[in-house]
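Subject: Structure handover

Hi,

Here is the structure for your files. My notes follow below it.

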Amino acid sequence: MSKVDLKKSIAAYKAPRGSFEIIDVPAMHYLMVDGHGDPNTSEAYGEAVAAVFSVAYTLKFLSKTDLGQDYVVMPLEGLWWSDDMATFTTQRDKSRWSWTMMSLVPEWIDTAHFERARDAAAAKGGSAAIDRLRMTELVEGTCVQTLHVGSYDEEAPVLDEMHSRFIPDADLRMRGLHHEIYLTDPRRSAPERLRTILRQPVEQARPADPAG
């Protein structure tokens, strides 16, 4: 049985380092848990990540044994927002962050598979956040993204450049939620070697001229 690695087949899971690109991200389904607070100190954050991966691995084994389709569990991702987006750039106040932690699931996984996996993971105990876990489609469409290599706290100037220079210079404006894809595990990699895709959904700043 071959093992599918969606990071290699979905173009949106690749991004340039040191520059920004505009891409079209297809609609995809994710395991998701919402929360609020500093990810370094919030107990809820740890519970959310644990819930995502306990169900993600249960789904993987269900897919392999029941559906005959094996795949690599996708990395952790996060949607991040705040009442003031400067808390991600110039102010960097993590206590004011809200987030949705998540992981992509293959297109052949349906709601019934998810519910079976979630119930099985919950029966084994573990994270209190499993009951709040959901599988939801995320539609992002046109986005700007880049690959950041380095610690998470070094993202601030990159995001400031994306938000304040690249997006408006491209006659775009931000919409939706800031999105991060964690391609490396911070428990196993030095901060300077962390690889993170930084993504921001965008739209045209001005309506197109119907006259062309």
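Which residues are buried in H2? They are Tyr-45, Ala-48, Val-49, Ala-51, Val-52, Val-55, Ala-56, Thr-58, Leu-59, Lys-60, Leu-62 and Ser-63. Buried means under 20% relative accessible area, exposed means over 50%, and partly exposed lies in between (1.4 Å probe, protein chains only). Helices (H or I, at least four residues) and strands (E, at least two) are DSSP runs, numbered from the N terminus.

Before the rest, some ground rules. This is a predicted model, in which local features need pLDDT of at least 70 and side-chain atom pairs count only at pLDDT 80 or more, while totals for chains, interfaces and linings use all residues. Residues are numbered from 1 along each chain as its sequence is written, and side-chain values use heavy atoms, with hydrogens and water left out.

Helix H2

H2 covers residues 43–67. The helix has 25 residues and reaches 35 Å from its first C-alpha to its last. That is close to the 36 Å expected at 1.5 Å a residue. The expected span is 1.5 Å times one less than the number of residues. At the start of H2, a side-chain oxygen of Ser-42 comes to within 3.2 Å of the backbone nitrogen of Ala-44. After H2 comes Gly-68, with a positive phi near 70 degrees. The cover over the buried residues of H2 includes strand S1 (3–4), S3, strand S4 (70–71), strand S5 (77–81), S6 and H3.

The cores

A nonpolar core here is a set of buried Ala, Val, Leu, Ile, Met, Phe, Trp, Tyr and Cys residues joined through side-chain atoms within 4.5 Å. The largest one has 27 residues. Leu-31, Val-55 and Met-101 have the most contacts inside this core. At least two of its residues come from each of strand S3 (28–36), helix H2 (43–67), strand S6 (98–105) and helix H3 (111–123). H2 gives the largest share, 8 residues.

Val-55 is worth a look on screen. Leaving aside neighbours within four places in sequence, Val-55 is in contact (heavy atoms within 4.5 Å) with Leu-31, Phe-114, Ala-117, Arg-118, Ala-121, Ile-130 and Leu-133.

Helix H4

H4 spans residues 155–169. The helix has 15 residues and reaches 20 Å from first C-alpha to last, close to the 21 Å expected at 1.5 Å a residue. H4 bends by about 35 degrees at Met-162. The bend is the angle between axes fitted to the seven residues ending there and the seven starting there. Buried in H4 are Glu-155, Ala-156, Leu-159, Met-162, His-163, Phe-166 and Ile-167. Their cover includes strand S2 (21–25), strand S8 (141–149), strand S9 (172–174), strand S10 (178–182) and strand S11 (195–204). Just after H4, Asp-171 takes a positive phi of about 60 degrees.

Salt bridges

A salt bridge is a side-chain nitrogen of Lys or Arg within 4 Å of a carboxyl oxygen of Asp or Glu. The count comes to 10. One of them joins Arg-165 and Glu-161, at 2.8 Å from N to O. These two are 4 residues apart in H4, so about one helical turn separates them. Arg-165 is partly exposed at 37% relative accessibility. Glu-161 is partly exposed too, at 35%.

Asp-185 also takes part. Its salt bridge with Arg-187 has the closest N and O atoms 2.7 Å apart. The side chains of Asp-185 and Arg-188 meet in a salt bridge at 3.8 Å, N to O. Shared partners join Asp-185, Arg-187 and Arg-188 into one network. Arg-187 is exposed at 72%, and Arg-188 is exposed at 73%. Asp-185 is partly exposed at 21%.

His-179

His-179 sits in strand S10. At 0% relative accessibility, His-179 is buried. Its side chain makes a polar contact with the side chain of Glu-77 at 2.6 Å. Another polar contact, of 2.9 Å, joins the side chains of His-179 and Glu-140. A polar contact is a pair of N or O atoms within 3.5 Å; within protein, one must be able to donate a hydrogen and the other to accept it, and residues adjacent in sequence count only if both atoms are side-chain atoms. Leaving aside neighbours within four places in sequence, the contacts of His-179 include Tyr-30, Gly-78, Leu-79, Met-102 and Leu-138.

Best wishes
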